[in-house]
Each structure stands twice: as structure tokens, then as C-alpha cells.
Amino acid sequence: MQLACPIPKILLPVDGSDDSKRAVLFSGCLGSFLGKGLAGITLLRVIAGGYISRHLANVDYRAADLLKNSEVFRRVREEHVNQTIRPLLDDMEKVLRELGTDAAVTTLVTDGDAANEIIRVATEGNYTTIMMARRGITARRGAALGSVTNKVIYAAYGHTVYVVGYRTLERAACPIPRILVPVDGSPYSIKGLEHAACLAAGLKDALGGITLLRVINVALHMERLRMGIDPEIEAHDILDKGRQMLQEAGIREDLIQTKVRIGIPAEEIIGDIETEDYNLVIMGRKGRTALKEMLLGGVSSTVLQRCGNPTFAIVGGV
């Protein structure tokens with residue numbers, strides 16, 4: 001089965017922080033393995049409200065909007081972009097190239113709320129993937145997400161969002177040799193599995209292993225039995241289909257492991273992540289329609305918030 005690259009077009013927001021540099025390192029390493037399957041990476045720098053407010057601090061608020069569109073402000077902004085932002089973007093492109101990314105690299109500078117701009121650019125530019133990093137808190141203190149990353153994850157429903165973890169990447173090494181994919185047979189988890197199959201196939205010999213984990217919710221175990229469904233048989237059927245999908249994508253059988261656990265899904269997934277020390281966890285997004293933002297399912301959200309070391313791929317588009 002021939003599968004296309006799951007992330008052919010990446011939007012990579014950067015701000016010069018150590019956190020965003022981790023996302024650049026991850027993207028560069030990944031790009032070197034994806035080769036021609038990756039069409040391009042766009043480095044995005046959003047000039048947020050902080051910059052604007054500093055330059056308008058002594059201006060009457062009624063004149064602020066007019067000044068932002070004035071020739072004076074445009075010159076100040078241009079000077080800031082040329083002296084500070086362009087060198088940053090050039091340095092980040094250099095890192096991508098040094099790590100072996102051959103795909104086209106473009107740069108973009110916009111103004112506004114960072115999260116809103118990232119989502120807007122990703123949507124209007126038809127990007128498949130947004131690559132970001134955890135920020136604002138150390139691994140020792142917890143795995144909470146920064147406000148911008150958190151907002152993008154929850155609002156960018158049609159995109160796959162990579163949240164690069166705290167673990168330091170070795171420049172010469174594949175950033176994702178060991179992959180975990182929790183599955184439950186739903187369309188959301190199947191979408192995640194398809195993404196994993198495409199990605200793992202692109203990694204080739206750099207792939208160290210891929211684990212499919214099915215957690216049987218202990219709260220629903222007896223209910224399923226009363227319905228005449230054996231949850232364990234059902235779980236193994238789901239895992240067998242997942243294994244077959246991976247093998248059809250060209251993944252060697254000896255690299256595929258399957259596990260069945262009974263318990264609270266989020267806790268079991270977290271326990272396996274902490275025990276096995278995976279590099280990448282791929283989870284399908286369970287969206288909720290309505291007039292509000294699309295949200296992750298409770299399991300995905302809990303795991304993402306509590307596990308800081310691995311990188312997560314939240315696969316959208318279902």
C-alpha cells in the first residue's frame with residue numbers, strides 16, 4: 001500500500017525562545033527523513049500585541065488605530081523586522097538546512113494575536129501540519145501547555161498539530177524512533193493510525209518500533225459483556241486490523257508491538273508512556289461540533305496535559 005507523506009506542508013511558528021527552537025530542531029530532523037515527501041516548511045513570526053503596545057504606550061487610544069496605519073509606524077515596524085526578525089528567521093532556516101531538510105523553506109511575518117494568526121495562516125495557506133512546542137513551564141514542574149499552543153491545539157481542528165516535547169534532540173538522530181498509537185476502533189483513532197503508518201513508512205530504518213495500545217475502559221467492561229460482546233476479543237480485532245494497516249504500509253512485522261490494557265484509558269496510556277519512554281505519541285482528535293471551538297476528547301486532552309517529555313501529534317481532519 002503506497003501512502004503519501006502525512007505532513008507535506010508544515011507551518012512552523014517561531015519567536016526566538018528555546019521552546020520554539022526545539023520545534024525547529026524537531027522539524028529539521030523530521031524533514032531530513034521525509035525527503036521529497038515534504039513539500040515545504042514556512043517559518044512564521046507573528047508580531048504580537050506586546051510590540052505594538054510598547055510603541056503606542058504614550059499615544060491616546062483614540063489615535064492608536066490611525067497611528068498603526070501611518071507611515072511612521074510602518075517604518076518602525078519595517079526596521080524591527082529587518083533588524084530583529086529577519087535574522088531570526090534566517091538562523092532558523094539555517095538550522096533546518098544543517099539538519100538535512102531539502103524541502104522549500106519560506107518565511108512569513110504577520111501582526112496580531114499569535115494563536116489567531118497561526119490558525120488563520122494555516123487555514124488560508126492550506127497547511128496540513130502546525131509544528132509547535134510546549135512552553136512556559138519545565139518538565140519538573142509539570143507538562144502544562146502555553147496559552148498560544150493550547151489555543152491552537154483546540155481551535156485548529158482541520159490540521160494535525162505537533163506539540164514538541166521537552167526531551168532534547170540529538171542532531172544526528174531521528175527524533176521519533178519509538179512511536180505509541182492508542183487505538184479504539186473509532187474514525188478518530190483510525191485517522192491517527194493512518195498518520196502513523198505514513199510517517200513510520202517514511203522513517204524506514206530509523207524507526208525503532210511502533211506500539212499499538214488498546215485500553216478497555218473498566219467502567220464499560222461489564223456493560224459490553226451484557227451486550228454479548230467480549231471486550232478483549234474486540235480489542236484484539238482492533239489491534240489486528242491496525243497491525244495489518246502498518247504492514248501494508250511497509251512496516252516490518254518485528255517493529256510492531258500490540259498491547260491490551262484494562263483500566264481508565266487516560267491513566268493506562270500515561271502509565272505506558274512513562275514506562276516505555278516513547279519519543280512520539282500519535283492520537284486522533286475527537287471533535288465536538290457546536291458554535292464553540294472544536295475540543296479534544298477527554299482522554300487525549302488529559303494525556304497531552306500530563307505528559308511533557310514525548311512529542312505529540314494530534315491528528316485532525318475527521
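1. A residue is called buried when its relative accessible area is under 20%, exposed when it is over 50%, and partly exposed in between, with a 1.4 Å probe and protein chains only. At 61% relative accessibility, Asn126 therefore counts as exposed. The structure is a predicted model, in which local features need pLDDT of at least 70 and side-chain atom pairs count only at pLDDT 80 or more, while totals for chains, interfaces and linings use all residues. Residues are numbered from 1 along each chain as its sequence is written, and side-chain values use heavy atoms, with hydrogens and water left out.

2. Asn126 lies in the loop between α5 (114-124) and β4 (129-133), where helices (H or I, at least four residues) and strands (E, at least two) are DSSP runs numbered from the N terminus. Most residues other than glycine have a negative phi. Asn126, although not a glycine, has a positive phi of about 55°.

3. Lys204 sits in the loop between α7 (187-203) and β7, and it is exposed, with a relative accessible area of 59%.

4. Strand β1 (residues 9-13) runs parallel to β2 and is joined to it by 5 bridges, two strands being counted as paired if DSSP finds at least two bridges between them; here Leu12 stands opposite Leu43 in β2. Strand β3 (residues 104-111) is also parallel to β2, with 8 bridges between them, and Val46 stands opposite Thr110 in β3.

5. β1, helix α1 (residues 18-34) and β2 make a right-handed β-α-β unit, a crossover being right-handed if, with the strands pointing away from the viewer, the path from the first strand over the helix to the second runs clockwise.

6. In helix α10 (residues 265-276), the buried residues are Pro265, Ala266, Ile269, Ile270, Asp272 and Ile273. Seen down the axis of α10, these fall within an arc of 160° (taken from the directions from the helix axis to the C-beta atoms), so they line one face of the helix. On the other side of α10, Glu274 and Thr275 are exposed. The buried residues pack against several elements, including β6 (178-182), β8 (256-263) and α11 (298-306), contact meaning heavy atoms within 4.5 Å.
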